[in-house]
Amino acid sequence: MNYCKVKAGAKINLTLDITGVSGGYHLLDSLVVSLDLSDLIAAKRRKDGAIKVYSHGEGTELLPETENNAYKAAQLFAEEFQTGGAELKIYKNIPVGAGLGGSSADAAGALHAMRQLYLKEITPETEERILQIADRTGSDTRAMYLGGAVRMRGRGEIAERVFRQNVQPREKKKLFFLLICPRTGVSTPKCFQGYDKAGIAYPPATKSAVEKYENGDVAGLGKLIKNDLRAAACELNADVRQAIEEAEWFSPLGAGMTGSGSAAYALFDTREMLDWAFSRYKGNFRAIRAESVF
């Protein structure tokens, strides 16, 4: 294959438990779901072996290509599998600095693109090599490469797909999200520092949320939405607090913050409720409708 297109989906953290610290890094336990909100990556082979990345949209045009996680992922893939080069054109739709995983999504998308361009056969051993590359490009990349609903633990190197039990694909429901995205972001390192400074141990929620997801209990899942970084992010950026409050105005099944912010979200179980909330949102932030396969 000489050319391919790949959709790189955003993610939402339905839960984010901080479980400890190891080697100077915080350890997490998080239920992540991928969204239909996505960047588009158009990729083609290059005969000269070079990796070239061009990004368009969301203010990314001036980002040096070597600082783009998609570049790093494609370069590592080419080195690992001794392939030729590639040109990647990324058309951004995922807001930058919102906690929606746009950078990791592009890295995961680049790995899928390189896989389609250069690997004719995928074995479990090959897939594990790709996942190890994902771990080197960002803590969310492994989960976002897998896609769907994923329980992500440690520094992201432990990621397992989560499925509804004893349900046929045609019976699967979707989760519907109203995303509310402030224009300003949150420093992830400062957010973790704020969490450490507060010294509050929050009860874990991820294990129970996974069980609700597997059982198809959307209402129960909504009640378990939780993020240990929420208070620290709100302290750093008042817009985050306002965005969460605005998400809660619509009395959703649950509302919260994704990643270390700054995006907030409201969860609904029907598209009609999502459309209703979107049509009535009168805040000052960017509002986006998104959905995920349940």
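Predicted model: local features only at pLDDT ≥ 70, side-chain atom pairs only at ≥ 80, totals over all residues.
Leaving aside residues up to four places away in sequence, S55 touches T60, E61, N68, I90 and K92.

## Aromatic pairs

Next come the rings. A pair of aromatic rings is described by the distance of the centres and the angle of the planes. The structure holds three aromatic pairs, among them F77 with F81, a tilted pair with 4.7 Å from centre to centre and 40° between the planes. Helix α1 (residues 69–81) carries both F77 and F81, which are four residues apart, or about one turn of the helix. Both F77 and F81 are buried.

Another of the pairs is F177 with Y265, arranged edge-to-face, with 5.7 Å centre to centre and 80° between the planes. Here F177 belongs to strand β8 (residues 174–181) and Y265 to strand β11 (residues 264–268), so the pair ties together parts that are 88 residues apart in sequence. F177 counts as buried, because its relative accessibility is 0%. Y265 is buried too, with a relative accessible area of 0%.

## Arginines over rings

Two arginines are also worth a look in the viewer. R155 lies over the face of Y25, 3.6 Å from the ring centre. In the case of R289, the charged end sits over the ring of F278, at 4.0 Å from its centre.

Methods
Residues numbered from 1 in each chain as written. Heavy atoms only, no water. Contact = heavy atoms within 4.5 Å. Phe/Tyr/Trp six-rings, centres within 6.5 Å; stacked < 30°, edge-to-face > 60°. Helix = DSSP H or I, 4+ residues; strand = E, 2+ residues; numbered from the N terminus. Buried < 20%, exposed > 50% of the residue type's maximum accessible area, 1.4 Å probe, protein only. Lys NZ or Arg CZ within 6 Å of the ring centre and 35° of its normal.
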